Each structure stands twice: as C-alpha cells, then as structure tokens.
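Work through the exercises below with the model open. Try each task before you read its solution.

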Amino acid sequence: MSDLTQLTLKAAVDGLKTKAFSSEEITRAFVSNIEAANPTLNAYVEVTADKAMTMARASDARIASGDAGALEGAPLGIKDLFCTEGVQTTAGSNMLRGFVPPYESTVTANLWRDGAVMLGKLNMDEFAMGSSNETSAFGPVVNPWKSKASNADLTPGGSSGGSASAVAAELCLAATASDTGGSIRQPAAFTGTVGIKPTYGRASRFGMVAFASSLDQAGPITKTVEDAALMLRSMCSFDVKDSTSLDVPTPDWTQSVGQSVRGLRIGVPREYVVDGMPAEIQALWDQGVQWLKDAGCEIVDISLPHTKYALPTYYIVAPAEASSNLARYDGMRFGHRAETASSLTDLYETSRAEGFGAEVKRRLVIGAYVLSAGFYDAYYVRALKVRRRIAEDFDKVWGQVDAILTPSTPSAAFAVGDKQIDPVTMYLNDVFTVTANLAGLPGISVPAGLDSNGLPLGLQVIGKALDEATVFRVGAALEQAAGGVGKADRWW
C-alpha cells in the first residue's frame, strides 16, 4: 500500500485484522509523518515512538493468535488532557509540566484494552481553555489547511487543536479529544474532520484533567463518521470512579452509520441565525437542510428561545467551576512550585502566577468573582437557572423533532493571532456549540463544504440525550451528500 497513513480508522482496523499489513508497519509510517510535520504543525507535545512500537508489536502478536480487539493495532493520538500512566500529562500548562501520572484515565485504558497504539500526547489550549490552541504553554498548533487568500498560518480551533490538526494532517488514524463548550466540534469544523461530543456521562471523566466538571466530556476526532462511531464505542463505558458516569449499555454505533434517515424530523432553530453571520455559513446551512430533505427527512422550524443567553451563561458557569477545580494547584502537593517565596501565602500566589497562562488567569478571576459572597446570587445562581431553561427548551422540542441541524461555527478557520487581542470575540466561536454542553446533549460536527477561500466548514447535528444513534445516522447522511471536502495539501 502506497501510504498507510491515508487510511480511515475502519479501513486500517480491517486491514490489520486481515494481515494486509502489520501494526508495526502502519505505526512506523505515522511516526515518520510526525517527525516530518510536527516541527511545523506543533500538534504533538510528546511523541512516544518507542512505546508505540512496543505496543504495535504486542498487537501484531494478538492478531496472529486470533485475539484482536476492536481497535487492535490502530495508532492513535491522545489529547494531553488524559492521564497516561508513565507518560507526562500537562494539560498544555506549565503548571503541570513534568507531571507523570501513576495511573491511566478510564478513556485511554479502554482504548488500550481494545488494542489501540499510543503515538504520543497532543497539544491543546491550556487546561482546555481556548478556541484557537494559542493558549498552550507549548506554543500554538498550526492548521494543515491554508487559505487561498493568504499564506498565513491558520488556527485549528481549540481546545482540541492538536487532535484536529493531527488527524487532518494524517499524523494519527484518530485522536481523543474533550468538549466543554465546543472543543471537539469547533476544531473538527476548522480542519475538515469529524468530531462528536457524546451525551454527558457516556464517557468517564476519571483521569481527565478537569476544567468545568458539569460540562467536560470526552469524545473522538476522526476522518469519517464511521470512524467516530467506532472510536466512541471503545471510549465509552460505565465507571464507578466517576460519580457522573451513566450506567447504560454502550451500543455499536457503527450499525447506525448508513441507515436511512427517511421519515426523521429535523429541527432548524430560528435563534441560530445570528447577527453578522457570514453568508457562506447561512448558505451551507440551507444546503444541509436541502440534503436532508432530499434524503426523505421532514424539516421542522423550531424555537429555542433561551439560546441568546447560552454564551453568557456558559462563561459564568464554566469559569466558576474552573476556579474551584484549579484551586488544587497551589504549589504544595503537585504541579509547579515557585523556587523563592517570602511566606506561605507568597508561595501560593507566586506558584500560581508562574504556572498559569493569561487566559487561565482571566477565567479564574471571573470564576472567583461570580462565586464571591456579594455576587453569587446575582451571577452564578442566575446562570444556573438560565441553564435549566436552556435544557427545557430542548426538552420541549424533542416531541416535534428527532434531531437538530445547525452550523458548527460562525466562520472558517482564522489566522493565528487574529483574535487574541479581544477575548470576547474569541468566545463567540462557541456560539453554536455551547448549548449542547449546557443541556448535556450529544452533538457531532461533519465537514460539509468549503468557503470561498477553500477552507472547510462544518454542519452540526444535535440529538436527544443518549440518542447518539440518530446523531450518527443524520451525520452520515450529511457526509454522504457532501461527498467530502478533500484534504489539506501537504505544504509542511
């Protein structure tokens, strides 16, 4: 085979099981790709080449003995938010630089149980706080796509920018990612890849470095909808170590991919038409509606009236939870500790000042503010009430529709550095995605077209809680209708 790295995850797993090639061969091919591209794209913060080859050889032995797992021998990238036993896990922060976990996250343990191979740890926004992968202590990730209008480096989105860039540039077959307000779906849309956030509680959060505990959820970024279904099945499980883990069966979602969508009712929420939305985004949305009509779906105009409050609600709830979660990084038990301090208080303050980056500090200050005695009721409690209303909006429309179609992002990928000056402008990238997190619903982004500058754009499908099967059905129908968006030219 000319280039094993161009295979989809499903094709690679099938090829490995039929012994068309070995795990050692495909792993070596990916390691070679990483060595060539990573100095430019900065997708990986740590490459575990020796470990990967050892795991690949073990997979080949299991395949030979007829004991292959669901992902046996498939080389994957792991977002640096997931604790990996014996391999540094930093969450993209100087605060955790040098932290080597003595345990494995449940999500990655599930992947290793099913035979996957770890290529390394992927770059990300610091503590998953960002929409462009520019807040990482390891520097920004570069999108493998280029605009026809400029040669400027583009952001791959965030916080899972390393995962999206690595999949798009064929530096892994698929990658783990996490989504707190859109951090799987937005990077997937920016890089022409597929990304799904499952129902809150589907995938265990044990061993994931916490950002906002009531919003964080693990999911995959892949090349195709079928790959996402295959990968998510391995990632999800009930876990007694996570009190929010759902004790429900994990279906074989690959069976949903390709099923007819005829007769499904698809909601189009009028509130998602936002001021200043580019005409290309509206046109893509209209095209998606037409594709589903042609496939036999019934299109239903719906209202989600509290949508306009979703972004401000998210940017109260998420920083509040982050302020609490990140209080543990005090320089005493683990993480960065300042070398000089005049007192215990000074040690706390200096360690946190040195360890955290600017965006994390900004959100921690906001979180501490909205949780403070004078403002708790005015901001945090009110935000929780609005969050409930947002979830109720979805509950009301599920009697009318089976899934909801929206754009994934308000624009295509923008240049590195473009939106760093104004945090509010950066936060607007989450305008279409945060509602699914606030309501705990599954959502997938599928590449559906290119803008006038040749950059990928995505459509989002939101489904009922625990109904990822319908999300995959509709996502696959959109993928088939769109016919793919192609791949980034290898300029690196």
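Predicted model: local features only at pLDDT ≥ 70, side-chain atom pairs only at ≥ 80, totals over all residues.

Residues are numbered from 1 along each chain as its sequence is written, and side-chain values use heavy atoms, without hydrogens and water.

**Exercise 1.** Classify the ring pair of Phe190 and Phe414.

*Solution.* 
1. Recall the rule: rings of Phe, Tyr and Trp (its six-membered ring) pair if their centres lie within 6.5 Å; planes under 30 degrees apart are stacked, over 60 edge-to-face, the rest tilted.
2. A search of the whole structure finds 17 aromatic pairs.
3. The centres of Phe190 and Phe414 are 5.7 Å apart and the planes stand at 90°, so this pair is edge-to-face.
4. Phe190 is buried, and Phe414 is too (buried: under 20% relative accessible area, 1.4 Å probe, protein chains only).

**Exercise 2.** Which residue lies over the face of Trp491?

*Solution.* 
1. Apply the test: NZ of Lys or CZ of Arg must be within 6 Å of the ring centre and within 35 degrees of the ring normal.
2. Lys146 lies over this face, at 4.3 Å from the ring centre.

**Exercise 3.** Find how strand β3 (residues 117-122) is enclosed and paired.

*Solution.* 
1. Strands are DSSP runs (E, at least two residues), numbered from the N terminus.
2. In β3, 6 of the 6 residues are buried, so the rest of the structure largely encloses this strand.
3. Strands pair if DSSP finds at least two bridges between them.
4. β1 (residues 44-47) pairs with β3 in the antiparallel sense over 3 bridges.
5. β2 (residues 75-79) pairs with β3 in the parallel sense over 5 bridges.

Technical notes. Buried < 20%, exposed > 50% of the residue type's maximum accessible area, 1.4 Å probe, protein only. Helix = DSSP H or I, 4+ residues; strand = E, 2+ residues; numbered from the N terminus.
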